[in-house]
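Here is a short report for a reader meeting this structure for the first time. Keep the view open while reading.

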Amino acid sequence: MDLFNKKGKTTSDMIFDILIFVFSVFVFLIVAYPLYFVVIASVSDSTLVSTGQVTLYPKGFSLFGYTEIFKDTRIWVGYKNTIIYTILGTVLNLLLTLPAAYVLSRHEFKARRILMFVFVVTMFFNGGLIPTYLLMKELNLTNNMWVFIIPFSVNVFNLIIVRTFFESSIPKELFEAAQMDGCSHFQFFGKVVLPLSKAVISVVGLYYLVGHWNDFFTGLIYIRDYSLQPLQIVLRDILLSNQVFADGAGSGGASGGYAQRYADQIKYGVIIVSTLPILIVYPFIQKYFEKGVMIGSVKG
Amino acid sequence: MALNNPLAKKVNTNISNVPLMKKPTLLNTFIRDYQLWIMILPAILVIIIFNYIPMYGVQLAFREYDFTKGFTGGEWVGLHYFKEFINNYMFADLMKNTVVISLATIILGFPAPIILALIINQVVWKKWKKMIQTTVYLPHFISMVVMVGLLNVLLSPETGIVGHIMKSIGLGDINLLASENTFVPVYVLSDIWQHAGWNSIIYLAALASVDPQLYDSAKIDGANRWQIIKNVDLPAIVPTMIILFILSMGNILNTGFEKIFLMQNPLNLPVSEVIATYVYKIGIISNQFSYSAAIGLFNTMINFVFLIAMNYIAKKTSNISLW
Amino acid sequence: MKKVLNGFLALSLSATVLAACSNEKVDKEEAATTKDGKAQITALITKHPLTQDLKKMEWLKKVEEEAGVKIKWEEVSADWDQKKGAMLASGDVPDLIIGPNAITDADFVQYQGLFEDLSDDMDKLPNVQAMFDAKPETEGIATQLDGNIYGLPKYQRFWPGTATRQFINHQWLENLGLAVPTNWDELYVVLKAFKDEDANGNGDKNDEIPMDFSPVGTGGFGFFQPTVLLGSMGITLAEGSGQGYFVEDGKVKNFFTDDRYKEFIEFLSKAYKEGLISKEVFTQDYTKFQSVARGTGDVAKVGYTYGWELTDRFGITLAPQYSPMAPLKKSADSTEKLSWAYDYNSLNYGANMITLSSQSKNKEAALKFINELYDPEVSMQVLFGSLGTNIAENGDGSYKILPPTDQKMDPGTWKWTSTWADNGPMYIADDLKLELGSDMQSVGQQTEPLNAVLDAVDEKKDLYPGMFIKYSKEDNSKLSLNNTNLMSLAMPKFSQWITKGGIEKDWDAYVKNAEKTGLPENIKIMQKYYDEYMSKN
């Protein structure tokens with residue numbers, strides 16, 4: 001274990017490592033317990049869960065929640081749609097955002113400040129839902145899969161993050177050197193900047209990816225055809241169909257009894273079903289957060 | 001900026017195909033920097049089409065919405081709805097609650113991911129590091145409905161685990177969900193729990209790009225771990241920190257709607273009614289498009305002023321700014 | 001290297017081209033008729049989330065067949081309000097929109113010209129006309145202030161006079177040798193005994209929750225809440241009473257500033273202080289409220305509470321321990337006329353269940369379809385499900401609702417799963433012979449202790465007829481704005497006074513503040529509409 005590897009370490013460093021370790025265990029436990037709770041709640045009897053009898057291990061074990069979720073065939077269509085929208089969307093996002101961020105990071109680019117302002121304004125002011133809806137309708141994007149991909153494909157927040165990274169982490173000398181070799185902006189961007197920025201590209205890629213994955217508003221407002229709906233809409237429908245009615249009698253009857261027992265199972269199960277695929281992506285991205293990844297890529 | 005930067009100037013002359021170093025005007029930047037313009041053009045187009053074209057909708061805040069006359073054909077009422085909001089019986093409380101919640105979120109929520117990233121970055125045992133990194137970012141994916149449901153289950157004084165722990169350490173049975181005093185702490189801390197890990201990713205990425213040689217030379221200089229954090233790690237993430245801080249100040253009047261709405265109960269309402277939930281309550285029942293547009297615009301204006309001010313301060317003090 | 005860059009550029013350019021391409025008008029206009037000559041129409045329904053795919057509903061297939069239409073359905077079960085805004089404001093509406101108040105009166109005022117006025121199409125809607133003739137109040141629900149009819153109502157006949165019943169655990173009473181309470185004082189004694197003794201007999205004296213009620217929202221009161229106790233002092237809750245409004249002797253009042261409300265709070269506050277009301281009553285959600293009452297195994301946890309029906313409230317195991325109670329008097333010598341929450345109108349009528357777009361290309365066919373839905377025998381299937389699977393025909397012109405095929409399922413859930421149920425437009429004629437399912441029967445039985453009081457409610461003088469009143473746009477927004485302000489004052493006070501006390505000290509200042517929220521103005525507005533309605537009926 002590296003923790004107890006004393007080689008080349010002073011006593012104060014040892015203490016430091018131990019402190020860090022203790023603190024990280026503490027953080028880990030606080031974060032992990034509720035997550036663990038979600039998992040055990042997804043296979044436990046809901047009545048036991050909401051009366052606090054499920055704490056350390058599942059009680060009233062049943063996979064009803066998951067069978068109920070996967071019984072719904074729409075979920076596979078939802079998965080398929082979401083995967084398509086997420087991949088295409090993220091690729092387009094990066095294609096637009098990365099070059100733009102590079103340009104805005106170039107201090108010699110005269111329009112830089114004014115353009116930046118123009119971009120930032122859109123983070124604050126918008127025309128509201130209805131004008132946007134009318135625009136989509138005009139562009140024939142309503143009830144059309146491209147509405148998930150093309151509109152708002154530049155997220156200004158992400159753009160700013162990438163630009164900040166380019167500004168602060170790409171050494172100025174590199175561009176100078178490239179100039180000497182007669183490199184154009186296109187070449188410098190593709191050959192030097194991108195390989196050096198794997199870390200930030202993976203972060204922003206992840207932001208975009210998760211944004212697409214979790215997007216349910218677009219489906220709600222612009223899509224009428226169920227075969228185009230993303231996973232989140234399908235899951236939301238399943239979730240709602242299993243919730244007890246808070247207004248039981250108002251909607252005409254005692255429908256609680258049956259659905260009640262499993263309502264929470266489905267609620268928690270839905271979280272797991274929608275999050276697992278994202279979990280798989282993370283380790284691929286994580287490796288770019290290792291120290292020294294940048295220099296390595298220049299040499300390579 | 002470009003003009004004051006000798007390096008940039010030198011670079012300019014090298015890169016441009018324009019032989020004479022004319023005084024830079026907007027026109028000749030098109031010619032000289034055509035490559036840059038090509039690279040940014042798609043982004044500009046997308047922003048103009050999808051963000052700027054619908055912006056005519058902003059005028060709804062100054063008009064009486066009238067379906068039959070078209071979206072922008074309603075009668076011009078000027079600042080009528082703004083005045084109505086400011087003179088509203090609830091106005092002072094709404095502003096206070098909104099600012100308290102979002103300031104608390106910024107003050108406590110902003111440093112949390114930074115500290116977390118610095119600590120994760122210091123963990124030496126690789127497997128453990130990966131494990132903790134993966135764990136802390138997971139809560140981000142819990143939907144609001146479930147998040148509030150979790151709070152209800154875990155914080156219940158009778159049956160929740162936090163309730164039990166509080167009892168066993170002698171804090172008595174305080175119902176954390178039922179008090180005006182605990183609403184903001186519960187809201188903010190659960191927010192940190194949910195998003196600090198996710199937000200630390202960006203800092204981890206910035207830390208990853210620190211040149212390893214810097215660590216080596218710091219070690220040679222005899223710096224201890226704490227000094228390395230202070231002198232190498234921290235400076236590497238400062239630009240990101242400043243930019244994110246400016247942006248978060250630009251959200252001063254934006255509080256999460258869904259979570260607050262779901263967490264509201266009659267006992268905490270005096271501190272939990274914020275602008276967003278109030279707008280929802282008055283708008284949903286009576287189609288008050290114009291009124292809610294006006295309140296939205298009011299919010300935006302204040303946010304924007306904060307952003308511009310913060311940006312100005314940051315620029316003066318650290319030379320880092322949004323534009 | 002150049003190749004890579006060029007490729008990259010080409011890609012990013014093609015993205016913009018892609019955006020441009022999608023601008024090409026793809027005419028998706030639906031053909032007005034299908035190939036086999038049927039009229040093609042589009043419809044949207046806001047169905048209950050449990051409700052199955054409309055394609056699987058046998059009765060619906062037959063009705064479409066009968067009306068000679070082919071309907072392209074869009075099924076919405078969540079977030080309708082958000083979706084609706086964009087849809088209406090852009091004028092992008094389907095031919096038919098179905099669902100309880102899916103389009104509201106306020107929408108008709110706001111979006112003039114978007115919906116077809118049906119008042120001049122009555123000759124094509126004989127079944128609807130029959131409903132209007134037999135139940136003139138339904139025509140009242142349908143008719144807007146301008147005299148036009150945009151949305152059609154429903155009448156579902158069988159629902160009880162109230163949504164809220166009070167239940168007490170009679171086994172606990174027996175265990176402790178107590179009688180069923182008949183007034184507040186006795187109730188207090190009983191609750192106290194539940195608290196102090198081991199009422200459920202499991203050896204633990206502290207696991208009993210004497211009293212519980214459903215989560216009180218921040219926007220006002222709802223069903224299954226103790227406000228029904230206000231009936232002990234003669235206040236008849238009705239539509240609007242969530243926000244405090246009621247009518248007494250022809251006068252519109254609001255109980256939030258009424259001294260009787262103060263007495264009611266004092267009672268609850270006393271009970272809470274003694275630990276007689278669940279400590280989590282203001283923070284639990286509906287799931288928890290329901291779960292707690294289901295106890296653990298055969299050990300009950302809750303003594304006295306409110307609900308819709310016994311099995312729904314306590315589960316099959318515990319339900320036999322509980323029984324419904326008659327309304328309580330305030331004290332043994334109280335002579336006040338008793339009342340309760342009167343929900344008959346809101347449970348049996350519904351406004352704007354179906355609307356027709358004025359731009360529909362197939363109005364004739366759509367009208368025919370609407371008319372079919374209001375045929376009493378079709379309506380019965382709209383509500384309870386298809387003949388054969390959900391309803392049996394007895395052969396003598398009478399019908400019987402069948403129990404669920406899945407034994408684990410309760411009849412209520414089955415109804416919601418099988419068909420549109422209460423979310424559909426319907427007219428269940430009074431002369432239709434139909435034997436109800438077990439759930440509706442037991443709700444009926446459990447309402448019996450309340451019936452005497454409910455029947456005695458003076459509908460002319462003590463009931464606000466909210467269901468039948470149409471407000472103008474200005475009055476409507478005024479009312480809702482003032483009510484939002486009133487609720488943000490009153491609801492926190494309600495919960496504070498109960499949990500922390502202090503009503504004595506706060507009351508006068510509170511009443512003054514309530515006036516400032518616009519309460520007197522609202523009462524004036526509602527009185528105006530009430531008088532107008534009463535003078536006509």
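## Where chains A and B meet

This is a predicted model. In it, 86 residues from chain A and 84 residues from chain B form the contact between the two chains. On the side of chain A that touches chain B, helix 1 (residues 11-41) of chain A gives the largest share, 13 residues. That side of chain A divides into 50 nonpolar, 23 polar and 13 charged residues.

## A residue of chain B: B:Ile161

B:Ile161 sits in helix 9 (residues 161-168) of chain B. Leaving aside residues up to four places away in sequence, B:Ile161 touches A:Thr55 and B:Leu154.

Is B:Ile161 buried or partly exposed? It has 18 C-beta neighbours inside 10 Å, so it counts as partly exposed; a buried residue needs 20 or more. B:Ile229 lies 68 residues from B:Ile161 in sequence. In space, the two are 36 Å apart, C-alpha to C-alpha.

## Chain C as a whole

Chain C holds 19 helices and 14 strands. Its radius of gyration is 27 Å, close to the 24 Å that the globule rule gives for 537 residues, so chain C is as compact as a globular protein of that length. The C-alpha trace of chain C spans about 80 × 75 × 60 Å along its principal axes.

Buried residues make up 51% of the 537 residues in chain C. Take the contacts in chain C with a separation of 6 or more: 78% of them join residues 24 or more positions apart.

## A five-stranded sheet in chain C

Chain C has an open sheet of five strands. The order is 2-1-3-11-4, and the pairing is mixed. Strand 2 (69-76) and strand 4 (151-155) of chain C are the edge strands, each pairing on one side only. From one strand to the next, the twist averages 25°.

Helix 13 (residues 363-373) of chain C packs on this sheet. It touches strand 1, strand 2, strand 3, strand 4 and strand 11 (349-356) of chain C. The direction of helix 13 makes about 155° with that of strand 11 of chain C.

## Strand 1 and its partners

Strands of a sheet pair through backbone hydrogen bonds, either parallel or antiparallel. Which way do strand 1 and strand 2 of chain C pair? They pair in the parallel sense, over eight bridges. The chain goes from strand 1 through helix 2 (residues 58-67) to strand 2 of chain C, and this β-α-β crossover is right-handed.

Strand 1 (residues 39-46) of chain C is also joined to strand 3 (residues 96-98) of chain C, by three bridges. These two strands run parallel. C:Ile45 has a partner in each neighbouring strand: C:Glu75 in strand 2 of chain C, and C:Ile98, which stands opposite in strand 3 of chain C.

## Two asparagines with positive phi

C:Asn101 is not a glycine, yet its phi is positive, about 50°. It lies in the loop between strand 3 and helix 4 (105-110) of chain C. With 14 other C-beta atoms within 10 Å, C:Asn101 is partly exposed.

C:Asn352 also has a positive phi, near 50°, in a residue other than glycine. This residue is found in strand 11 of chain C. Why does C:Asn352 count as buried? Because it has 26 C-beta neighbours inside 10 Å, and 20 or more is the cut-off for a buried residue.

Key. Residues are numbered from 1 along each chain as its sequence is written. Chains are lettered from A and ligands numbered from 1 in the order in which they are written. This is a predicted model: local features need pLDDT of at least 70, side-chain atom pairs count only at pLDDT 80 or more; totals for chains, interfaces and linings use all residues. Two strands pair if DSSP finds at least two bridges between them. Helices (H or I, at least four residues) and strands (E, at least two) are DSSP runs, numbered from the N terminus. Axes are lines fitted to C-alpha atoms, for helices over the stretch in contact, and angles run from 0 to 180 degrees between N-to-C directions. Two residues are in contact if their C-beta atoms, placed from the backbone, lie within 7 Å. A crossover is right-handed if, with the strands pointing away from the viewer, the path from the first strand over the helix to the second runs clockwise. Ala, Val, Leu, Ile, Met, Phe, Trp, Tyr, Cys and Pro count as nonpolar, Asp, Glu, Lys and Arg as charged, and the others, Gly among them, as polar. A residue is buried if 20 or more other C-beta atoms lie within 10 Å of its own, exposed if 12 or fewer, and partly exposed in between; C-beta atoms are placed from the backbone. The radius of gyration is taken over C-alpha atoms; the globule rule is 2.2 Å times the number of residues to the power 0.38.
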